[in-house]
Amino acid sequence: MKTLHPTKYATLLFALCLLFTSNAQELTKASPEAVGMSSDRLEALSNTFQAYVDDGELPGATILVARKGKVAYFEPFGKNDLENNIPMTHTSMFRIASQTKAIVSVGIMMLQEQGKLLITDPVGKYIPAFMDTKVAVSKDDGSYDIVKANRPITVRDLLTHTSGVSYGQGIASDLWEKAEIQGWYFADREEPILATVTRMADLPFESQPGEQFVYGYNTDILGALIEVVSEKPLDIFLKESIFDPLGMADAHFYLPKEKKQRLAVVYSPSENGLEPAPNPGGMIGQGAYVEGPRKSFSGGAGLLSTSMDYAKFLQMMLNKGTFNGKRIISPKTVELMTVNHLGKASFPWVGGTGFGLGFSVVEDLGDRGTLGSVGEYGWGGAYHSSYWVDPKEELVVVYFTQLIPAGDVDDHGKLRSLIYQALVD
């Protein structure tokens, strides 16, 4: 029998290694039936979302459903750009806004695993301005008092949105407006994120630490904390620690110019149908993600990504911290992140739901009243995107579109209903 020359054998082995490496960073596709889903029943999902596009309620969207570690459904709908008739594709890129929060929260937990911080630490241990913070207290006449915080804000307070910091539009909104810190949009800022959050520390927060769930700049502060503790800019830390190991080549705070054509246009509803949001605009707009100053890395709302890249991150979480042989965090850390931490601070928006370390968490399915599972965790983004992980069903869902404000479109509810009705095993 003819044998390979050692050099040829080495070349072949090297080629196979390259092939394995290139494929190892992808979620592989499978037929829906192979993972306990129905192709016929998934047609209702396709038909419904095509109708949203045809009726002018959505410009375009992508839906990715992975089950048991395989992609069972991944479909683009509509257009990336209606005016120029550019279709939505599997590689379209999206502003993922608050879906950034989960990734940055994982980054914080990685630093705890490396012994560089504890989530029970006061934030002021690393960013001194946060050691003594203030709280605004409303008065009956519509004014407010400013009092000292009862205790220092901890890292865990930030992870659970119980630090009391809002998006600057609450009780003392006049002071936040004067400081020019309001809203979640940072892409046009000329100052680094650490400088912005240090200025936040001098402003009065909405509630005492640990007492209420207040959605706001918590994860932006965590992003600045990562920069201090890791001694790296947030974009570099996330690239080295999460994006590169998971093969998330399309996750960026600011888009490389060569990827500009893949970025979906943001639309807003109007009396004349969907119209492009202002360019660059602010919170409602295209944003400064291509032409902006590229100085502020918003850990709360700054990233752009593709559906596949975000699904890799979520599959890592579902896999208890690993993806394609790369361990990002430990199983016990995933367990801690995906249970309710709110205690007496109730979740204000949906029944049966708590909040963990970066994710909302389902605790009572009947109280929530929509299809899913106890233990499911997820969140969404300002541009009307959504995601969730259902460990019981071994399910990952990523839904991206670019619509702000969303109006009364009921796509999120139907997305959930039509995915779960397609589970048959």
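**View 1. The buried residues of helix 6.** In helix 6 (residues 193–200), Ile193, Thr196, Val197 and Met200 are buried, where buried means under 20% relative accessible area, exposed over 50% and partly exposed in between (1.4 Å probe, protein chains only). Because these residues span an arc of only 90 degrees around the axis, they sit on the same side of helix 6; the arc is that of the directions from the helix axis to the C-beta atoms. An α-helix has 3.6 residues a turn, so residues three or four places apart point the same way. Their cover includes helix 5 (173–178), strand 7 (204–205) and helix 7 (218–230). Helices (H or I, at least four residues) and strands (E, at least two) are DSSP runs, numbered from the N terminus.

A word on the model: it is predicted, local features need pLDDT of at least 70, side-chain atom pairs count only at pLDDT 80 or more, and totals for chains, interfaces and linings use all residues. Residues are numbered from 1 along each chain as its sequence is written, and side-chain values use heavy atoms, with hydrogens and water left out.

**View 2. Helix 6 against helix 7.** The axes of helix 6 and helix 7 come within 9 Å and cross at roughly 125 degrees. Helix 6 is therefore oblique to helix 7 (under 35 degrees counts as roughly parallel, over 145 as roughly antiparallel, 65 to 115 as roughly perpendicular and the rest as oblique). Axes here are lines fitted to C-alpha atoms, for helices over the stretch in contact, and angles run from 0 to 180 degrees between N-to-C directions. Look for Ile193, Leu194, Val197 and Met200 of helix 6 meeting Asp220, Ile221, Ala224, Glu227 and Val228 of helix 7; contact means heavy atoms within 4.5 Å. By type, these residues are seven nonpolar, no polar and two charged. Ala, Val, Leu, Ile, Met, Phe, Trp, Tyr, Cys and Pro count as nonpolar, Asp, Glu, Lys and Arg as charged, and the others, Gly among them, as polar.

**View 3. Helix 3 against helix 7.** Helix 3 (residues 100–113) packs on helix 7 at an angle of about 35 degrees, with their axes 10 Å apart. Helix 3 contributes Lys101, Val104, Ser105, Gly107, Ile108 and Leu111, while helix 7 brings Thr219, Leu222, Gly223, Leu225, Ile226, Val229 and Ser230. This contact of helix 3 with helix 7 holds seven nonpolar, five polar and one charged.

**View 4. Helix 2 against helix 12.** Here the axes of helix 2 (residues 39–54) and helix 12 (residues 411–420) come within 9 Å and cross at roughly 165 degrees, so helix 2 and helix 12 are roughly antiparallel to each other. Ala44, Leu45, Thr48, Phe49 and Tyr52 of helix 2 touch Asp411, Lys414, Leu415, Leu418 and Ile419 of helix 12.

**View 5. The loop between strand 9 and strand 10.** Ser296 lies in the loop between strand 9 (273–276) and strand 10 (304–305) and is buried, with a relative accessible area of 3%. Not counting residues up to four places away in sequence, Ser296 touches Phe186, Arg189, Glu191, Ile193 and Tyr254. Arg294, found in the loop between strand 9 and strand 10, has a positive phi of about 60 degrees although it is not a glycine. Arg294 is partly exposed, at a relative accessible area of 31%. Pro280 also belongs to the loop between strand 9 and strand 10, and the peptide bond from Asn279 to Pro280 is cis, with omega near 5 degrees.
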